[in-house]
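Work through the exercises below with the model open. Try each task before reading its solution.

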Amino acid sequence: MNVVIRSTGLWKPEESVSNDELVACYNAYVERFNDENATAIERGTVEALNPSSSAFIEKASGIKSRYTIDKDGVLDVERMRPRVAPRPDDEISLMAEAGLAAARQALETAGRDPKDIDAVICSATSMQRTYPCIAIEIQKALGIEGFAYDMSVACSSGTFGSISAINMIKTGMAKSVLVITPEITTPQLNFRDRDSHFIFGDVAIAALIEAEDMPGDAGWAVRGTRMMTTYSNNIRSNFGFLNASEEPAPAFEDRYFVQEGRKVFKEVCPMVIDLINTELGKLDWTSADLKRMWLHQANINMNMMIARKVYDREFSSEEAPIVLDEYANIAGAGSLVAFHLHHDGFESGDKGLICSFGAGYSAGTIFLEKR
Ligand code: COA
């Protein structure tokens, strides 16, 4: 059974925070901290904090801004964390709401009725609760029969979720699957940590993945897929349900995202270059066959290096589009958001690659051909 990506849909928060706004808040916090601890800093018992800088953030990461579910909370120096209002159980949850908006757009673009969908996968870095699954909540809100489940593979959540859907269709278990990656990442970030306060943004992406013979737009035929993982502690979050039982209770901030950015860069780039080249070989394709690569969006320098090595030449921004300048690192949604925003200009037979990489480590490839 041939499988296609029929359509995609995107949701993003209304509010965006620029580097300058973020840095102004961080530096106000630093100034206050250093003032309050002036004596201890002088005595050498407390280390003074260093200010952050927009120029560093843009140069080191390529990020210029990020969307967030609550700009006020992020930029409130007393808080530096988005505010999330608790909702009663009979109200739609935040992640389901974001995912639903993206899913509705994907369905509308494809002209697909929810009754024709067989399954929903919600695949994201973190889920806002353990159960019931966010995917089942979205399934109910859309009136989809069949089944739904959540899964999580950090920055490869979107691709691994899509590959799960592709395999479901190949085995005949389903004909039409909605894969939704709501990445509400700003509440997972320590905005008081200079090394990482600029990294993440919030977004949701949905992909409608179907058997080729379903009616509708021709879509993008899936020609090859690969999932790979190899264990690393270089990107880690220790947040989880055991925290509440740990003795002594950990500081909440200590459970947030941490990374060894340099090591990630050094280890992940060659891993991904090798993976793409190997998979191209299996398809009897070369990089010259790839009109575009929609790469994971974490760091512009990583993407430049991977694209340059894979294409083995200089390349245009159209060949490896960047969305992280506007969206920042959107975790498991990155490569699919790049695909959603930059898939124009393809003729039937043109080929492209969606590729994720990140914590785990994990990496996923989906090779596509425009039908
Ligand atoms: N503002 C100003 N300077 C800062 C800073 C900030 N916010 N954060 C760090 N610096 C300083 C450091 O103190 C260091 O100074 P020093 O050289 O005097 O010691 C210098 O900048 C370099 O720091 P470093 O952490 O080595 O920066 P980097 O160039 O490696 O960039 C990342 C940091 C995180 C942007 C980069 O490593 C990265 O993106 N790596 C890949 C991460 C990734 O893709 N992760 C996937 C997550 S899913």
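This is a predicted model: local features need pLDDT of at least 70, side-chain atom pairs count only at pLDDT 80 or more; totals for chains, interfaces and linings use all residues.

**Exercise 1. The ligand shell**

Task: Describe the shell of residues around the ligand, and state which helix gives the most to that shell.

Solution: 
- Step 1. Start with the nearest residues. The ligand has 17 residues around it, and those that come nearest are Ser52, Cys155, Gln259, Arg262 and Asn299.
- Step 2. Seven of its residues are nonpolar, seven are polar and three are charged.
- Step 3. H3 (54-61) and H8 (261-282) each supply at least two residues of the shell. H8 gives the most, with three residues.
- Step 4. List polar contacts, for which the cut-off is 3.5 Å between N or O atoms. The side chain of Ser52 has an N or O atom 2.9 Å from a ligand nitrogen. For Ser53, a polar backbone atom is 3.2 Å from a ligand nitrogen. For Arg194, a backbone N or O atom lies 3.0 Å from a ligand nitrogen.
- Step 5. The ligand taken alone exposes 970 Å², and the protein buries 71% of that.

**Exercise 2. The two sides of H3**

Task: Which residues of H3 are buried, and which are exposed?

Solution: 
- Step 1. Apply the cut-offs: buried is under 20% relative accessible area, exposed is over 50%.
- Step 2. Pick out the buried set. Ser54, Ile57 and Ser61 are buried in H3. These three lie on the same side of H3, because they cover an arc of only 70° around the axis.
- Step 3. Turn to the other side of H3. Ala55 and Lys59 are exposed there.
- Step 4. Find the cover. Helix H1 (19-36), strand E3 (65-68), helix H9 (300-311) and helix H10 (324-327) are among the elements that cover the buried residues of H3.

**Exercise 3. The setting of His197**

Task: Place His197 in the fold. Is His197 buried or exposed?

Solution: 
- Step 1. Locate the residue. His197 sits in the loop between strand E6 (176-183) and strand E7 (203-211).
- Step 2. Read the accessibility. His197 has a relative accessible area of 1%, so His197 is buried.
- Step 3. Name the neighbours. Beyond four places in sequence, His197 is in contact with Leu22, Val23, Tyr26, Ser52, Ile57, Leu189, Asn190 and Phe191.
- Step 4. Look for a polar partner. The side chains of His197 and Ser52 are joined by a polar contact of 2.8 Å.

Technical notes
Residues are numbered from 1 along each chain as its sequence is written. Side-chain values use heavy atoms; hydrogens and water are left out. A residue is near a molecule or strand if one of its heavy atoms lies within 4 Å of it. A polar contact is a pair of N or O atoms within 3.5 Å; within protein, one must be able to donate a hydrogen and the other to accept it, and residues adjacent in sequence count only if both atoms are side-chain atoms. Accessible areas come from the Shrake-Rupley method with a 1.4 Å probe; for residues, only the protein chains shown count as cover. Helices (H or I, at least four residues) and strands (E, at least two) are DSSP runs, numbered from the N terminus. Ala, Val, Leu, Ile, Met, Phe, Trp, Tyr, Cys and Pro count as nonpolar, Asp, Glu, Lys and Arg as charged, and the others, Gly among them, as polar. Buried means under 20% relative accessible area, exposed over 50%, partly exposed in between (1.4 Å probe, protein chains only). The arc is that of the directions from the helix axis to the C-beta atoms. Contact means heavy atoms within 4.5 Å.
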